[in-house]
Amino acid sequence: MASSSSSSSNSKWRYDVFLSFRGKDTRHTFTDFLYGALDRRNINTFRDDEKLPRGEEISPELLKAIEGSRFAIIVFSKNYADSKSCLDELVKIMECEAEKGQKVFPIFYHVEPTEVRNQSGTYGEAFKNYETNADEEKKKKIEEWRAALRKAGQLKGFQLQDGSEYKFIEHIIGEIGILIPKSVHVGENIVGIDENLKQVKLLIDAKSDEVSIVGIYGIGGIGKTTIAKVIYSDMLDQFKHHSFLENVREGSKDDHGLLQLQEKLLRDILKDKTMKLHNVDEGIKMIKSKHYLGKVLIVLDDVDCPRKLKFLANSPEWFGRGSIIIVTTRNKRCLDVNKAYSSYEAKGLEKNKALELFSLNAFQQNHPADNYVDLCNRVLHHAKGLPLALVILGSFLFQRGKEEWESTLDRLKTIPIDDIQKVLRISYDGVDDRYKKVFLDIACFFKDWGEKTVTRILEGCRFHPKIELKVLDERCLISISDGFVRMHDSL
């Protein structure tokens, strides 16, 4: 039987840490405190809950746990070498270090590293017992144990002889915590994202030595952030240096906010919690100077204007070869002004996937109830494949009767849902009054009209539609396609 702390992230690793320790020595003391501290930091940790009987081989479950752990922490206590199962664990851990790139951290708990490395002291006594009357097969096993101890004893680790165990554990957690990739929460009920993922990944040349800078743009609620999170989570293990900067728009309303974002970016990449900057110009120089670190994976989420990219990711030359930078935005202009950026417009869900997503929220299953199919189709017609609208409407209509559905659908013809409007209004609030007036005219009078006709009418009203329509299109407030001016029903 075994236990693990926290939940595992989307990666090839099942656990962040495997704990190897001698149960009789530290299970209910130091190791228990260490495990609790790892758990409080959401570091997903495996430890064996039951000591294996002396002489028994380690279980397949333990072998899988060792192989599936990003890091191994070995608590070398005075009687660690008395346990054959501990030594077998150690041999497997050192194999994984050599073959899988597993990072190993030895803790020398009231023992000297030389005792482990040279098998002296209590470690020497344990091996004297093993070697007594050992046959050839046993001698071979003993040499494997010795080799693993020699190698582990040479690794840089942590040593405690005297002092506070609490402070010692906090130091260990701090050192290990910054090395664990910070995965991002993608969310539940992710439906219909495959085609968007495929198209974005086509723009990312992950095998190339070149720097890939890719922008994902589209209307609020279309799923840009979700796409970026899935790609980031999928690629995280390929990068030693990485950062996901959420909500750049809100976090950078002035230079102080931009400075804080630069600091967070550098702290993530450098794994240095103490990083401080004096001004944004210093931040630019610092980001550019770190290209020697090699490739980085960075997501800049919800960037609202080109100026902000100049302080965070202005050029491929800022980053090491093989780096991948992903930007999400409602403002296509952010991407168009920089020739280094490739761009992709996130698409809404096609009907079957839209129905599945809506049903998961409205009925807690992936299909509608039989007598609600027509009502569902009316919701889909209104939502136009916008994931945000499908989720919010589905959650709102969950466990409501048909009359309430009918009333809600009638209400939507004139009064939109507040939660949807709050998200979509962000783009509207980001433009000047002149653009707002043109937007409102289109919403009230010219939706689905021909572009030439709309342009002519607006010119007659002393507007400047060639630039105003362009900006509204860039901000994803309208779309101009096939010669017509279009707008989402939720706007």
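Let me start with Asp 255, which, leaving aside its neighbours within four places in sequence, is in contact with Val 280 and Arg 307, where contact means heavy atoms within 4.5 Å. Before I go on, please keep in mind that this is a predicted model, in which local features need pLDDT of at least 70 and side-chain atom pairs count only at pLDDT 80 or more, while totals for chains, interfaces and linings use all residues. Residues are numbered from 1 along each chain as its sequence is written, and side-chain values use heavy atoms, with hydrogens and water left out.

Back to Asp 255, then, which is found in helix α12, residues 255–270; helices here are DSSP runs of H or I with at least four residues, strands are runs of E with at least two, and both are numbered from the N terminus. With a relative accessible area of 40%, Asp 255 is partly exposed, on a scale where buried means under 20%, exposed means over 50% and partly exposed is what lies in between, using a 1.4 Å probe and protein chains only. Its C-alpha atom is separated by 9.6 Å from that of Lys 308, a residue 53 places apart from Asp 255 along the chain.

A second residue to look at is Ser 212, found in strand β7, residues 212–217, and counted as buried at 8% relative accessibility. Not counting residues up to four places away in sequence, Ser 212 touches Leu 203, Ile 204 and Asp 205, and also Ser 323, Ile 324 and Ile 325.

Now to helix packing. Two packed helices are described by the angle between their axes and the distance between the axes; the axes are lines fitted to C-alpha atoms, for helices over the stretch in contact, and the angles run from 0 to 180 degrees between N-to-C directions.

Helix α2 (residues 30–40) and helix α8 (residues 165–177) pack at an angle of about 45°, with their axes 10 Å apart. That makes α2 oblique to α8, given that angles under 35 degrees count as roughly parallel, over 145 as roughly antiparallel, 65 to 115 as roughly perpendicular and the rest as oblique. The crossing of α2 and α8 is right-handed, a term used if the near helix is turned clockwise from the far one by less than a right angle, with anticlockwise being left-handed. On the α2 side we have Phe 30, Phe 33, Leu 34, Ala 37 and Leu 38, and these meet Glu 165, Phe 168, Ile 169, Ile 172 and Ile 173 in α8. By class, this contact of α2 with α8 has nine nonpolar, no polar and one charged residues, where Ala, Val, Leu, Ile, Met, Phe, Trp, Tyr, Cys and Pro count as nonpolar, Asp, Glu, Lys and Arg as charged, and the others, Gly among them, as polar.

Let me set beside it the packing of helix α22 (residues 451–460) and helix α23 (residues 465–474), at an angle of about 125° and with axes 9 Å apart. This makes α22 oblique to α23. Glu 451, Thr 455, Leu 458 and Glu 459 of α22 make the contact with Pro 465, Lys 466 and Leu 469 of α23, and by class it has three nonpolar, one polar and three charged residues.

Which residues of α23 are buried? They are Pro 465, Glu 468, Leu 469, Val 471, Leu 472 and Glu 474, and what covers them includes α15 (333–336), α21 (433–446), α22 and β12 (479–481).

Next, the aromatic rings. Rings of Phe, Tyr and Trp (its six-membered ring) pair if their centres lie within 6.5 Å, and planes under 30 degrees apart count as stacked, over 60 as edge-to-face and the rest as tilted. By this rule the count comes to 21 aromatic pairs. In one of them, the rings of Phe 76 and Tyr 123 have their centres 6.5 Å apart and their planes at 65°, so the pair is edge-to-face. Phe 76 lies in strand β4 (residues 69–76) and Tyr 123 in helix α6 (residues 122–131), so the pair ties together parts that are 47 residues apart in sequence. Both Phe 76 and Tyr 123 are buried, and ring pairs link Phe 76, Tyr 80, Phe 108 and Tyr 123 into a cluster.

Finally, backbone phi. Most residues other than glycine have a negative phi. Asp 482 has a positive phi of about 55° although it is not a glycine; it lies in the loop between β12 and β13 (484–486), and at 71% relative accessibility Asp 482 counts as exposed.
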